[in-house]
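The following note is intended for a colleague who meets this structure for the first time.

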Amino acid sequence: MTTPLLPYGRQTIEDDDIAAVAETLRGDFLTTGPTVEAFERAFAETVGARHAVACANGTAALHLAMLALDVQPGEAVIAPTITFLATANCARYVGAEVVFADVDPDTGLMSAQTLSDALQRLDGRRLRAVLPVHLRGDAVELPALAELAQAAGGVLVEDAPHALGTTMRFGNLSEQVGDVHHSAMATFSFHPVKTIATGEGGMVTTNDDRLAQRLRTLRTHGMVRPEGCEPWWYEMPEPGFNYRLPDVLCALGLSQLKKLPRFAARRRALAAAYREVLAPLAPLVRIAAQPAWSDPVLHLMCVLIDFEAAGRTRLQVVEALRERGVGTQVHYIPVHRQPYYRERYGELDLAGAEAWYARCLSLPLYPGMADEDVGRVAAALQEVLGL
Ligand SMILES: *Cc1c(COP(=O)(O)O)cnc(C)c1O
């Protein structure tokens, strides 16, 4: 018998999730109905934001954020290079230029230092937005980043798909990722590996009424209905997109959101179990460092492995783990190394990102894992590294 493979992440869909979707399928609205608003309201309340705007996916959320801010061609948007492609690509969708920030080699996060360095490389361009990523689920230092961004004339847009449920403490203030106290907007994704899943799905949160209005308009073709107009009338001041999230998926999102406390508790418990079983594997294997202000609901269990000292390549470790039923992933290949960005901006020397990329590996982490699975992963890793 072969051991079943533990993926690095996966969704948890239960009978009541399926029932919620089925009920919507039997109803009047497959899309543009009342479940969209219900999901948005519940989400806004959950993260403590004034507005939440649902959209097609996390990439659409980022694109809408750039459009809502009216970022113009040739302006600068700063993104960390350790992230998914979409964080940088959204700037290009509106013609802006990406300035890649380095990351701290031990947390993988954009820091005040790496943002300051990136601000030195604007090349005379007007800064519009800084897009920090709460990589793995650990929060970036929002107040410090917001201060730097504002001083340079830009705003923060948090790319937060990894950090639904994460809380932070800055000074005496307890805050939550998505409450947008320090940023203009935060974006989320409900891709199956993220903390709650709708298959495809995204959300933007904001406390700014005007931005919320723009996000809603741009999500539906840029159409507005002036007050007092005929029932068929609409106007389009500027073209938008069809980036709507259908009621069918909002029903799934609403059902999943109710489980966030349970999913979060499970992720926290699994992370604590990993800390215990991986401790003996130090210093060859270390869990990515947790910043002092961050109390994360981890999306990814990123470990940093000294492959050179272990005398094994990452590929050898990945393959040997797979043979033992342990799936892994690398988060992420530095985006500035992609052929498109290399061609556009040339070679960049981002040493923190290279040090992170050389060592990182994401181990399985999702609510459906059994307690024994964590021990199984650690034992496999120990064996594969010859420890
Ligand atoms: C998942 C993810 C996205 C994109 O979300 P999609 O819903 O897949 O479009 C963007 N940024 C980060 C950091 C992500 O993890």
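**Note on the predicted model**

1. The largest pocket is the space taken by the ligand. On a 1 Å grid over the protein atoms alone, a pocket is an open set of points where a 1.4 Å probe fits, with protein on both sides within 12 Å along at least five of seven lines; a molecule sits in it if more than half of its atoms lie within 2 Å of its grid points. The shell around the ligand receives two or more residues from each of helix H3 (58–68) and helix H4 (85–93); helices (H or I, at least four residues) and strands (E, at least two) are DSSP runs numbered from the N terminus.

2. This is a predicted model, in which local features need pLDDT of at least 70 and side-chain atom pairs count only at pLDDT 80 or more, while totals for chains, interfaces and linings use all residues. Residues are numbered from 1 along each chain as its sequence is written, and side-chain values use heavy atoms, with hydrogens and water left out.

3. The ligand is surrounded by 15 residues (a heavy atom within 4 Å), and Gly-58, Thr-59, His-162, Ser-189 and Lys-194 are the closest. By class, five residues of the shell are nonpolar, eight polar and two charged.

4. Taken alone, the ligand exposes 380 Å², of which the protein buries 92% (Shrake-Rupley method, 1.4 Å probe).

5. The whole structure holds 11 aromatic pairs (ring centres of Phe, Tyr or Trp, the last by its six-membered ring, within 6.5 Å). The pair of Phe-43 and Phe-188 is edge-to-face (planes over 60 degrees apart), because the planes stand at 70°, with the ring centres 5.0 Å apart. Phe-43 belongs to helix H2 (residues 34–47) and Phe-188 to strand S8 (residues 185–189), so that the pair links distant parts of the chain, 145 residues apart.

6. Most peptide bonds are trans. The bond from Ala-282 to Pro-283, however, is cis, with omega near 5°; Pro-283 is in the loop between helix H9 (260–278) and strand S10 (285–287).

Note on methods: 1 Å grid on protein atoms, 1.4 Å probe; cavity = no way out; pocket = protein on both sides within 12 Å on 5 of 7 lines; lining within 4 Å. Nonpolar A, V, L, I, M, F, W, Y, C, P; charged D, E, K, R; others polar. Phe/Tyr/Trp six-rings, centres within 6.5 Å; stacked < 30°, edge-to-face > 60°.
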